[in-house]
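Try each task before you read its solution.

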Amino acid sequence: MADVVGFFKHFHEHVNSSLDDVTRTNFANLETNSKRVAYLSGLPLIKSYDLTPEVAKCKSGGEFPVNKRLEKARLFKDEGNREVQRGDWAKAMQLYSLSLINMPKKETEELAIVLANRSAALNHLEQHEECLADIRRCLDLGYPRHLRYKVYERRARCLLVLKRNQDAVKAFQNTISSLDEAKNLHQEKKQKLLTDAKLMLEVLNKGLVLAGYPKDPKPINKIVPKPKLPGKHNINYPAASQAIQIDHDETRGRYATASRDIQVGETLLIEKPHSGVLLAEYAATHCQNCFSKCAIALGCPTCPNVVFCSDHCQEVALTSYHAYECPILPLIWKSGCSITCHIALRMITQNSKQYFKEISKDLDKKPTGPYKTNDYRNIYNLVSHEDKRTKQDLLHRSHMAVFLVKLLELSGYFDTKPRETLIDIDEIKTMGVAERHRDDVELFGGLILKNTQVLQFNAHEVFELQCSKPRQEQNVIKHNGDSVFVAGAVFPTLALFNHSCDPSVVRYFSGPYIIVRSVKNIKKGEEVAENYGPIFTMTSKEERQATLKDQYWFDCTCEPCQQNWPRYDQMNETYMRFRCDSGQPCPNVLPVAHDCTEFMVKCGLCQQFTNILKGLKALQFKLSLIKSPVCRFALFPRLIQQQHTFSSRHHNRKSTNNALGYSRPLIMIAHFISVK
């Protein structure tokens with residue numbers, strides 16, 4: 001049972017059942033998040049709670065305390081060597097990667113040897129840039145000098161393939177000099193390598209002289225480039241296009257509108273998350289930092305629980321959030337807390353303790369100047385509905401905040417530097433925090449509790465498009481693709497967009513970046529709405545209203561809800577529907593048979609006539625847009641869910657899959673159980 005729900009559920013139930021009426025009343029009278037967490041954290045029943053039995057029951061979620069196993073790493077290395085003998089270089093590369101992930105960082109020579117072995121596999125797989133990267137890493141770790149001729153010669157051959165001839169000359173020179181240290185190499189083989197290297201040097205030098213010593217081509221950068229927003233940015237909201245402005249009123253709060261006419265297919269926003277967390281089930285296959293799938297993984301030097309896709313992502317993580325989360329990550333996973341709770345913690349660990357101490361006095365003031373994605377104050381001031389929450393809801397969330405504050409103490413965060421030793425099992429025999437960290441409990445406990453409330457309404461799922469068998473037909477790539485939920489994140493600018501059951505934008509992902517594009521023409525001054533989950537084409541008004549009220553605490557007043565538009569499965573393909581356009585307010589929809597010869601249709605509600613030629617012309621224009629590759633790209637996720645902006649709706653084909661990852665905001669699970 002513990003492996004399914006995690007130990008936090010048991011902790012929560014124990015605390016909840018142990019609180020007496022006086023304690024509950026005292027808690028209910030507290031008015032700030034900081035005081036709520038500090039009060040609970042100081043209770044004797046919290047201080048006396050022992051996590052060790054529950055943690056011991058949880059076999060999933062990684063080993064705790066965190067530890068790398070040399071024997072496991074060597075086992076993977078030996079299996080990789082056997083695959084090399086069989087000629088399966090792809091399998092060997094994967095096994096060497098697993099060996100690197102599990103190899104303790106103190107075993108520098110073995111790490112270097114496994115990296116050299118993986119570089120050989122990558123060379124055979126013709127992944128030359130990746131091979132060169134592994135060679136650089138193994139040399140940095142002190143690869144044995146008597147073996148260095150191997151990697152120098154391999155580097156030279158890779159550089160030749162990449163036509164980086166001047167670098168290849170240096171590599172062949174290193175090969176020749178390193179052969180002097182190859183004490184165990186058979187003399188005949190050594191002589192052959194020496195002869196070959198000298199011959200290649202002679203050929204390369206002659207070629208460079210004849211060509212006038214041209215510069216080598218730059219190394220190929222295989223990292224997916226950061227997406228760029230075309231055109232000018234909004235001065236006040238840099239993640240958004242100049243076509244977007246943020247307005248405010250008392251009813252709708254902050255919301256996005258069009259500052260000019262927007263055409264279908266326009267990119268309106270590109271934003272990196274303020275904070276994001278990869279789901280635990282993808283920790284071994286996807287980059288912990290950018291969520292990209294790792295074909296050639298780099299591990300953490302200290303734990304075997306995460307992987308990275310590049311040196312850059314590894315450095316970012318190891319110098320910020322993962323430096324603190326590394327020893328506590330198994331506890332997070334074993335607890336069963338939702339991804340939103342992990343994001344609430346990550347929003348703290350990704351910044352220094354000093355950063356929060358400096359801004360803590362001004363958190364309730366919205367920062368002036370451009371709306372920056374990385375400014376925590378912009379997240380803090382997103383809607384949280386704290387004033388509408390029940391005391392039980394706040395109590396439950398405070399339980400989670402108490403647990404996460406304990407993890408911050410264990411991680412070394414309160415001491416402003418990541419801990420260098422393993423967490424002793426005795427350290428989780430209490431959920432209380434040391435008295436010297438009383439102020440930290442109040443500050444960071446309050447921030448975490450606030451984060452969980454904000455994320456309930458503002459976090460998004462991050463999707464990855466997984467295609468099994470892509471195929472190309474008439475310059476269009478078709479596939480049976482699925483959008484798979486891999487991470488959760490919060491995007492501060494996108495969080496300002498309101499919901500519609502017939503949204504005017506679609507969103508998809510490039511690594512951690514979210515890209516928002518228009519899927520309809522939007523007139524200047526009209527609201528630019530996204531979608532929080534329910535779409536009018538698939539879900540009835542009653543279900544949509546109930547879902548939005550339950551999850552996001554508002555009554556939807558979008559056009560499909562006001563006019564109760566039908567779902568697609570309720571539409572008949574033998575006739576079209578046009579909105580009454582009689583010149584007076586009328587919510588009626590006019591059914592028109594596809595073989596109708598009249599162009600003036602009488603409304604049964606207001607008894608006025610509507611000219612359907614206008615709608616037919618708009619429909620013709622809409623269909624012509626689909627022939628454009630750019631517009632087809634933007635429209636594809638919801639071609640069938642598209643609502644006409646020209647007073648007509650027409651259903652003439654079946655619904656398609658959501659291939660571009662039409663994401664929806666995360667839901668805070670009632671008991672903080674892992675999102676499935």
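**Exercise 1.** Find where threonine 416 sits, then work out whether it is buried or exposed.

*Solution.* Start with the location: in this predicted model, threonine 416 lies in the loop between α20 (391-411) and α21. Next, check the backbone: its phi is positive, about 65°, although threonine 416 is not a glycine. Finally, look at accessibility: exposed means over 50%, and threonine 416 has 52% relative accessibility, so it counts as exposed.

**Exercise 2.** Describe the second largest pocket: what is its volume, and which residues are closest to its centre?

*Solution.* First, the volume is about 1,500 Å³. Then go to the lining: of its 50 residues, Arg252, Phe497, Asn498, His499 and Glu527 are closest to the centre. Sort the lining by class and you get 18 nonpolar, 17 polar and 15 charged residues. Now the elements: β1 (244-249), β2 (253-258), α21 (438-458) and α23 (559-563) each supply at least two lining residues. Of these, α23 gives the most, with three.

**Exercise 3.** Which two residues does a cis peptide bond join?

*Solution.* The bond joins phenylalanine 64 and proline 65, with omega about -5°. Proline 65 is in the loop between α6 (52-57) and α7 (70-86).

Conventions:
Residues numbered from 1 in each chain as written. Predicted model: local features only at pLDDT ≥ 70, side-chain atom pairs only at ≥ 80, totals over all residues. Heavy atoms only, no water. 1 Å grid on protein atoms, 1.4 Å probe; cavity = no way out; pocket = protein on both sides within 12 Å on 5 of 7 lines; lining within 4 Å. Points joined across faces, edges and corners; volume = space filled by probe spheres on them. Helix = DSSP H or I, 4+ residues; strand = E, 2+ residues; numbered from the N terminus. Nonpolar A, V, L, I, M, F, W, Y, C, P; charged D, E, K, R; others polar. Buried < 20%, exposed > 50% of the residue type's maximum accessible area, 1.4 Å probe, protein only.
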